[in-house]
Amino acid sequence: MSVRRNVAVSIAACSLTLALAAVGVVGAPAALASGTGRLDGVWRMDGYGTVLAVDGRGVQEYQTTAVSCLKGDFAEATEQPGTYDAGGGVLTLRPAGDDAHARLSADYAVGHRLLRRIPALPDACTAPPDPADPVAAFDVFWQSFEENYPFFAAKGIDWTAVRDRYRPLVHPDTTRSELFDLFRRMITPLHDAHVAVQDGDEVYDVGREEPRLGVRPGRRPVPAPGLR
């Protein structure tokens, strides 16, 4: 079960998206002609809690919060140094002036993400939460929004109060269906067309399911050019 937004959140795993959302760990050659510095190692993205592990095989993504580390997608190294096949797009990793910084971009996105080298994967990555534990899933879901969603104040949402209301409803016997419904209820008040919860083929997309395509109550949607 996962949440799609500007930041990708997941109960079991997160998706590799860049502009998007997040990216993963990669394997790369020791140096590139376009700059100085090594690409192999572990990198933390500037924002979104994304950590990338890089080696000669490709880029492995991890999504981290203060309470979790979830292994995400893998982008395989290509024959061209510093580029990786993300399955539907190509990621490019380049040094950013020194050995401690790098720049990640995707051919399907505008702009790039800055990366900072860190000594190793966070400790939580060696002991990920049990994906079958509904309480742990709730905590990861809530914490991911807490650390990354920027519009709670603008929308008048007390996210801590949301946790206090819904967490007591989760217990070891909570089913996936019940958890999905609970997450749906938590995100609906955001009225954000970029937010969705997905569990396999079941998707709750605020922008599709809510009237007015996720526009906040009292606001008028702006029609696309040429549409009436």
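Analyst: Trp159, Val162 and Tyr166 are the buried residues of H3, where buried means under 20% relative accessible area, exposed over 50% and partly exposed in between (1.4 Å probe, protein chains only). Helices (H or I, at least four residues) and strands (E, at least two) are DSSP runs, numbered from the N terminus. Keep in mind that this is a predicted model, where local features need pLDDT of at least 70, side-chain atom pairs count only at pLDDT 80 or more, and totals for chains, interfaces and linings use all residues. Residues are numbered from 1 along each chain as its sequence is written, and side-chain values use heavy atoms, with hydrogens and water left out.

User: Within what arc do the buried residues of H3 fall, seen down its axis?

Analyst: The arc is taken over the directions from the helix axis to the C-beta atoms. The buried residues of H3 line one face of the helix, because they fall within an arc of 50 degrees.

User: What covers those buried residues of H3?

Analyst: Cover here goes by contact, meaning heavy atoms within 4.5 Å. The covering elements include H4, H1 and helix H2 (152-155).

User: How many salt bridges does the structure hold?

Analyst: A salt bridge needs a side-chain nitrogen of Lys or Arg within 4 Å of a carboxyl oxygen of Asp or Glu. Among them is the pair Asp164 and Arg163, at 3.6 Å from N to O. In total, the structure holds nine.

User: How far apart in sequence are the parts that Arg167 and Asp139 tie together?

Analyst: Arg167 and Asp139 form a salt bridge, with the closest N and O atoms 2.7 Å apart. Arg167 sits in the loop between helix H3 (159-166) and helix H4 (176-187), and Asp139 in helix H1 (residues 134-148), so the parts they tie together are separated in sequence by 28 residues.

User: Which helix holds both Arg185 and Asp181?

Analyst: Their side chains meet in a salt bridge at 3.6 Å, N to O. An α-helix has 3.6 residues a turn, so residues three or four places apart point the same way. Arg185 and Asp181 are four residues apart, about one turn, and both lie in helix H4.

User: Which side chains make polar contacts with that of Gln63?

Analyst: Gln63 is in strand S6 (residues 58-65) and is buried, at 6% relative accessible area. Its side chain makes polar contacts with the side chains of Thr50 at 3.0 Å and, at 2.7 Å, Glu61.

User: What share of the chain's residues is buried?

Analyst: The chain has five helices and 13 strands. Of its 228 residues, the buried share is 44%.

Definitions and conventions: Polar contact = N/O pair within 3.5 Å; in protein donor to acceptor, adjacent residues only side chain to side chain.
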